[in-house]
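Me: I would like to go through the labels used for a structure and see what each one rests on. Please set the values against the cut-offs.

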Amino acid sequence: MRAWNRSKLLWSYLTHSERVPALPVEYIVETTAKCNLYCPMCPRETHEQPKEDMPDAIFEQLVKESGTTGEHMMLIGLGEPLLDRAIFDRIQFCETHGVSTLLSTNGVLLDDTAIDRILDSPLAHITLSFDGYTKESFEYYRKGAKFERVRDNFVRFCKRKQERGSSLQVVLQMVRMERNWNEVEEFERFWRAVPGVDLIRIKSDETNVLDASTGHPASDWKYPCHYLWRGPMYVKHNGDVYPCCQSYNLDGKPVGRIGEQPLTEIMNSASMRELRRMHTAGRGGEIEMCSRCCTTIPHPVLVAGSLLLHGKWVRHLLPWVEKAVYFSKLPKRWLTPPSKSVPAKEKSDLVQIETPR
């Protein structure tokens with residue numbers, strides 16, 4: 001069923017179909033909107049969030065509707081997953097429906113109890129976010145966290161994972177920004193020596209909170225954005241569904257709500273079809289949120305590859321693909337990063353995709 005779903009997604013993407021007879025492979029599910037840190041690059045600082053968790057009914061409805069086609073759920077969003085008291089029940093619920101799961105944590109709450117619960121769970125991937133090699137850069141970007149405490153929590157977690165022989169994939173991630181870009185080599189050297197770390201990922205800032213001039217000019221949109229077919233589709237804690245992982249942060253409108261419409265209807269809502277129509281016509285840069293998007297646009301060859309493999313393996317391979325492109329082992333044209341040379345436009349010239357009411 002999942003392979004057949006992927007084949008329909010691939011065919012719909014390659015044929016530029018506005019209607020898609022399938023559901024996304026991946027979802028980003030914000031199980032909580034609560035967080036314990038202030039991070040200046042986080043969209044929480046421009047989009048105020050309530051201190052609420054996703055209701056069980058919404059989460060279970062989403063998993064049940066996507067369970068035969070969805071392959072990977074990233075239980076993250078604009079909150080810290082370990083603040084969600086039901087997070088381990090949610091991981092298990094996904095497992096019973098054949099969906100692999102990923103968490104990303106800031107590490108503040110990663111004590112011995114949390115470590116054991118994570119390693120005892122069927123979680124497939126975890127990203128440990130550590131934005132800096134030095135105390136000064138780390139605590140600038142992770143206000144409210146203590147450098148030594150989080151570093152030690154992560155080291156202890158990785159060593160425990162190694163000792164237990166766990167198959168959990170551990171990715172140590174740093175977002176490269178103005179105050180830490182020169183620490184990459186030392187960062188990699190330190191974490192490469194820690195047993196239990198599977199991958200080290202150095203990624204660009206995919207928000208435009210710190211630099212609103214970053215985005216994709218119209219000339220970047222040679223290919224339609226695969227998010228509109230493959231996903232990840234983004235589900236807020238209240239059940240609002242957004243077409244991709246960036247659309248909420250960029251003031252896009254929801255395309256539906258879990259529990260009010262079936263996922264199959266949301267996937268082919270008027271607003272989703274209009275987004276696909278604009279992208280397949282090469283006009284993605286005319287959509288306001290897309291012109292401001294800071295994610296990298298993959299070549300259709302990579303999109304096709306991502307639909308030939310199960311979603312959890314794509315998540316395994318992503319950092320390797322990024323690194324291969326970075327070190328020129330793959331053509332740079334296969335991944336188009338955002339630019340600071342976005343043409344100045346009046347907002348009235350940009351299209352805002354609205355959900356019909």
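Reply: A salt bridge here is a side-chain nitrogen of Lys or Arg within 4 Å of a carboxyl oxygen of Asp or Glu. The model is a predicted one, in which local features need pLDDT of at least 70 and side-chain atom pairs count only at pLDDT 80 or more, while totals for chains, interfaces and linings use all residues. Residues are numbered from 1 along each chain as its sequence is written, and side-chain values use heavy atoms, with hydrogens and water left out.

Me: What makes the contact of Glu26 and Arg230 a salt bridge?
Reply: The N to O distance between the side chains of Glu26 and Arg230 is 3.0 Å. The limit is 4 Å, so the pair qualifies. Glu26 is in strand β1 (residues 26–29) and Arg230 in the loop between β6 (199–204) and β7 (233–235), 204 residues apart. Helices and strands are DSSP runs numbered from the N terminus (helices: H or I, at least four residues; strands: E, at least two).

Me: Are Glu26 and Arg230 buried or exposed, and how do you know?
Reply: Buried means under 20% relative accessible area, exposed over 50%, and partly exposed in between (1.4 Å probe, protein chains only). Glu26 has a relative accessible area of 1%, so Glu26 is buried. Arg230 is at 3%, and therefore buried.

Me: How many salt bridges are there by this rule?
Reply: The count comes to 23. Another of them joins the side chains of Asp53 and Lys34, at 3.4 Å from N to O. Both Asp53 and Lys34 are in the loop between β1 and α2 (56–66), 19 residues apart. Asp53 has a relative accessible area of 26%, so Asp53 is called partly exposed.

Me: Why is the pair of Asp116 and Arg160 said to tie together separate parts of the chain?
Reply: The closest N and O atoms of Asp116 and Arg160 are 2.9 Å apart, and the two form a salt bridge. Asp116 lies in helix α4 (residues 112–120) and Arg160 in helix α6 (residues 147–164), so the bridge ties together parts that are 44 residues apart in sequence. Salt bridges with shared partners join Asp112, Asp116, Asp120, Arg156, Arg160 and Arg164 into one network. Asp116 has a relative accessibility of 31%, so the label is partly exposed. The C-alpha atoms of Asp116 and Lys253, 137 residues apart along the chain, are separated by 39 Å.

Me: What makes a nonpolar surface patch of Leu308, Leu309, Trp313, Leu317 and Trp320?
Reply: Patch residues have over 30% relative accessible area and no salt bridge, with nonpolar side chains (Val, Leu, Ile, Met, Phe, Trp, Tyr) joined within 5 Å and like charges within 9 Å. Areas come from the Shrake-Rupley method with a 1.4 Å probe, and for residues only the protein chains shown count as cover. The patch covers about 540 Å². Its largest share, 3 residues, comes from helix α12 (residues 311–326). Leu309 is in the loop between α11 (300–308) and α12. Leu309 has 37% relative accessibility, so this residue is partly exposed and is over the 30% limit for a patch.

Me: How many cavities are there, and what makes a space a cavity?
Reply: A cavity is a set of points, on a 1 Å grid over the protein atoms alone, where a 1.4 Å probe fits but cannot get out; lining residues have an atom within 4 Å of a point. Grid points are joined across faces, edges and corners, and the volume is the space filled by probe spheres set on the points. The structure holds 2 cavities of 30 Å³ or more. The largest cavity has about 110 Å³ of space. It is lined by 14 residues, and Cys225, Cys244, His279, Cys290 and Cys293 are the closest to its centre. α9 (270–280) and α10 (288–291) each supply at least two residues of that lining.

Me: Which backbone feature is seen from Gly231 to Pro232?
Reply: The peptide bond from Gly231 to Pro232 is cis, with omega near 15 degrees. Pro232 is in the loop between β6 and β7.

Technical notes. On a 1 Å grid over the protein atoms alone, a cavity is a set of points where a 1.4 Å probe fits but cannot get out, and a pocket is an open set with protein on both sides within 12 Å along at least five of seven lines; lining residues have an atom within 4 Å of a point.
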